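Please read it alongside the structure shown below.

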Amino acid sequence: MPLTWLWPGRCVLCRSATRRTLDLCAPCEGDLKRNVGACRRCGQPTPRLDGDCLACLVTPPPQSGTLAPFLYAPPMTRLIHGLKRGNGLIEARILGALMAPAVLADTPPDMIVPVPLSWRRRTQRGYNQAALLAARLARKVDAPVDYRALRRTRHTKPQQSLDARARRSSLRGAFQASAAVAGQDIALVDDVLTTGATTRAAALALLAAGASCVRVWTAAYTPLV
Ligand SMILES: [Zn+2]
Ligand SMILES: [Zn+2]
């Protein structure tokens with residue numbers, strides 16, 4: 001007897017029985033907005049282009065590529081909020097499953113590194129949601145996660161409240177990477193790409209510590225409005 005008959009999944013978004021092992025029903029999954037035609041380098045939605053966006057051609061970001069299969073828009077926003085509340089385990093499992101086709105199509109990394117939270121925020125929440133997602137993705141691609149590869153050297157202000165220049169200077173030197181990343185091809189994992197400033201600073205720290213290559217894996221990209 002299939003397991004789904006005994007324990008039918010319950011959709012975290014609409015609470016209906018999912019009839020699948022995932023706790024997200026097929027109609028709710030269909031409501032998620034996909035980041036189609038995204039820039040391969042930075043993940044920004046760039047309809048009309050196949051490749052790098054103009055911004056990346058002019059000023060290439062430190063990462064070699066970005067996977068952001070969905071847009072940060074309802075109902076993805078609810079999944080991400082859920083990832084940051086309670087214990088986030090159900091949402092991490094769902095997001096891992098939703099991202100699986102994209103990460104499996106990417107070249108396998110040597111190591112997966114989650115973007116760390118500051119000590120202060122980690123204490124408030126009790127866990128790092130990017131680390132939960134990294135653990136799920138690691139199972140998909142069979143690569144190790146190094147939770148200590150990156151650390152925050154200080155608390156930084158929420159990035160949404162700052163303009164682009166202030167974001168960069170607020171994050172300069174905010175991350176430090178361990179020697180374990182030297183020579184490694186790294187998949188840097190975060191839940192959402194909002195301004196890109198955080199992953200940029202984290203990727204720069206990994207490269208400065210000798211990582212051979214850094215690509216970014218994130219569930220959703222926040223479209224510029
Ligand atoms: Zn549903
Ligand atoms: Zn780009």
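The 4 donor atoms around the zinc ion (ligand 1) subtend angles of 102 to 116°, so the arrangement is tetrahedral. The donors are C11 (SG), C14 (SG), C25 (SG) and C28 (SG), at 2.3 Å. A donor here is an N, O or S atom within 2.8 Å of the metal (3.2 Å for Na, K and Ca); water is not among the atoms, so sites may look incomplete. Along the chain, the donors of ligand 1 follow the spacing C-x2-C-x10-C-x2-C. C25 and C28 are both buried. Buried means under 20% relative accessible area, exposed means over 50%, and partly exposed lies in between (1.4 Å probe, protein chains only).

This is a predicted model: local features need pLDDT of at least 70, side-chain atom pairs count only at pLDDT 80 or more, and totals for chains, interfaces and linings use all residues. Residues are numbered from 1 along each chain as its sequence is written, chains are lettered from A and ligands numbered from 1 in the order in which they are written, and side-chain values use heavy atoms, with hydrogens and water left out.

The zinc ion (ligand 2) is held by C39 (SG), C42 (SG), C53 (SG) and C56 (SG), at 2.3 Å. Its 4 donor atoms give angles of 104 to 113°, and the site is tetrahedral. The donor residues are spaced C-x2-C-x10-C-x2-C in sequence. C39 lies in the loop between α2 (26-31) and α3, and C56 lies in helix α3, so this pair ties together parts that are 17 residues apart in sequence. Helices (H or I, at least four residues) and strands (E, at least two) are DSSP runs, numbered from the N terminus. C39 is buried at 0% relative accessibility. C56 is buried too, at 5%.

Helix α3 (residues 54-58) also contains L54. L54 is exposed, with a relative accessible area of 62%. Together with L57 and V58, L54 makes a nonpolar surface patch of about 350 Å². Such patches take residues with over 30% relative accessible area and no salt bridge; nonpolar side chains (Val, Leu, Ile, Met, Phe, Trp, Tyr) are joined within 5 Å, like charges within 9 Å. Areas come from the Shrake-Rupley method with a 1.4 Å probe, and for residues only the protein chains shown count as cover.

Next, the charge pairs. The structure holds 4 salt bridges. Each needs a side-chain nitrogen of Lys or Arg within 4 Å of a carboxyl oxygen of Asp or Glu.

| Pair | N to O distance |
|---|---|
| R20 and E29 | 2.7 Å |
| K84 and D191 | 3.5 Å |
| D185 and R215 | 3.0 Å |

D185 lies in strand β6 and R215 in strand β7 (residues 213-221), so their pair ties together parts that are 30 residues apart in sequence. Shared partners join D106, D185 and R215 into one salt-bridge network. D185 counts as buried at 18% relative accessibility, and R215 at 5%. R20 is partly exposed at 24%, as is E29 at 22%.

Strand β7 also holds T218. T218 is buried at 0% relative accessibility. Its side chain reaches the backbone oxygen of D190 at 3.1 Å.

Technical notes
Four donors count as tetrahedral if all angles lie between 85 and 135 degrees; four count as square planar and six as octahedral if opposite donors are over 155 degrees apart and all others between 65 and 115; anything else is irregular. A polar contact is a pair of N or O atoms within 3.5 Å; within protein, one must be able to donate a hydrogen and the other to accept it, and residues adjacent in sequence count only if both atoms are side-chain atoms.
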